[in-house]
Amino acid sequence: MKKYLIISMFLIGCSHQKIVENNTFDLIVNRYPEVTPGLVMSLGTVTKGNVFRKAYGFSSVRPKKVQATLETPYDIASITKLFTATAIAMLVEEGKLQYETKVVEVFPDFGTSLEKKEITVEDLLRHKSGLPEYFEKRNFYVENDLSKTWKGILATPLVNKLREKFLYSNTGYMILAKIVEAKSKISFDKFVEEKIFKPLDMKNSFFISERNDCAPTTTDGLKPCIVDDIWAQRLGRVAGHDSIFSTVLDLEKFSLFLLGEKPYLLKPVTLNKMVSFKEGEVQGLGPDILSEYSEAPRGDYFHKGKSFGHTGFT
């Protein structure tokens, strides 16, 4: 079955030939300059490769205007979750983990209720665990003590019944990254760098960097390469739900991998299982397929059930 990937946060539903020939994006961006100060676009197909890419406007307007470029790193926010899902799939393929593995088998402290003891890796990936998006009114952060902070995160109570419904959970993906570390015996950022960034030649993707050329994540523009998400910051700027910076050119390479192109980081059967629709689910094993968050970026021209991807908000 042919599949279509949506990884960008802005898509127009028309053929790539019309976009290129009629300058569709130029017309839209120039018509609505107040919508965003800047925009970086890439459009392509597996058969034709990239057919359109362009940077518009500015990546920063404070304290001074900085022109957006195709090489500008952005905080990709929740698109980080696709890298977390890929890391999990790699461990499954290596036999170090199963999608059916219960979280308590990795972290016994997670089992603070009978229902939590039944939560699997697959439940976390599909946002069906019943864990909250964040931690509601409870704050588990202990300054300068990641061990105690993690103890609190693992003890997070459910806010919904297990597998009752899709409930978007950043908490679940924080825990998934911790599972990657436990099973691989290396830090999550090092795993992603060695197993994903390097093989795909994603030279401008990173978690922590001394660079200062990123699109700012604060309104004053003074912290250009610091992840915006407060919990990613509290976890040392390395987290499975939100913490990666990348460029549109690097995300092109990651997108082609997800569509089954070389270099192959996963076996076809593993990749297909990760990105495919499953009856009764709205989420793949990481990628978004039919959730409410997929409606706008999918538009009218990307097929429901075949299109997949993720958006990011910061």
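Here's a quick briefing on the model's confidence, its cavity and its aromatic pairs. This is a predicted model, where local features need pLDDT of at least 70, side-chain atom pairs count only at pLDDT 80 or more, and totals for chains, interfaces and linings use all residues. Residues are numbered from 1 along each chain as its sequence is written, and side-chain values use heavy atoms, with hydrogens and water left out.

**Confidence**

- The chain has a mean pLDDT of 88 (pLDDT is the predictor's confidence in each residue, from 0 to 100), and 90% of its residues reach 70 or more.
- Residues 4-16 are a stretch with pLDDT below 50. Beyond near neighbours in sequence, that stretch has 46 contacts in the model (heavy atoms within 4.5 Å).

**The cavity**

- You'll find one cavity of 30 Å³ or more here. A cavity is a set of points on a 1 Å grid over the protein atoms alone, where a 1.4 Å probe fits but cannot get out.
- The largest cavity has a volume of about 100 Å³, volume being the space filled by probe spheres set on the points, which are joined across faces, edges and corners.
- Twelve residues line the largest cavity (lining residues have an atom within 4 Å of a point). Nearest its centre lie Asp288, Ser294, Pro297, Gly309 and His310.
- α12 (295-298) and β7 (307-309) each give at least two residues to this lining, and β7 has the largest share, with three residues. Helices (H or I, at least four residues) and strands (E, at least two) are DSSP runs, numbered from the N terminus.
- By type, the lining splits into five nonpolar, five polar and two charged residues. Asp, Glu, Lys and Arg count as charged; Ala, Val, Leu, Ile, Met, Phe, Trp, Tyr, Cys and Pro as nonpolar; and the others, Gly among them, as polar.

**Aromatic pairs**

- Across the whole structure there are nine aromatic pairs. Rings of Phe, Tyr and Trp (its six-membered ring) pair if their centres lie within 6.5 Å; planes under 30 degrees apart count as stacked, over 60 as edge-to-face and the rest as tilted.
- Phe83 and Phe254 are stacked, because their ring centres are 3.9 Å apart and their planes at 10°. Phe83 sits in helix α3 (residues 80-93) and Phe254 in helix α10 (residues 248-258), so the pair ties together parts 171 residues apart in sequence.
- Both Phe83 and Phe254 are buried (under 20% relative accessible area, with a 1.4 Å probe and protein chains only).
- Phe188 and Phe207 make an edge-to-face pair, 5.8 Å centre to centre with 80° between the planes. Phe188 and Phe207 are both buried.
- Ring pairs link Phe83, Phe188, Phe197, Phe207, Phe254 and Phe257 into a cluster.

Technical notes: 1 Å grid on protein atoms, 1.4 Å probe; cavity = no way out; pocket = protein on both sides within 12 Å on 5 of 7 lines; lining within 4 Å. Buried < 20%, exposed > 50% of the residue type's maximum accessible area, 1.4 Å probe, protein only.
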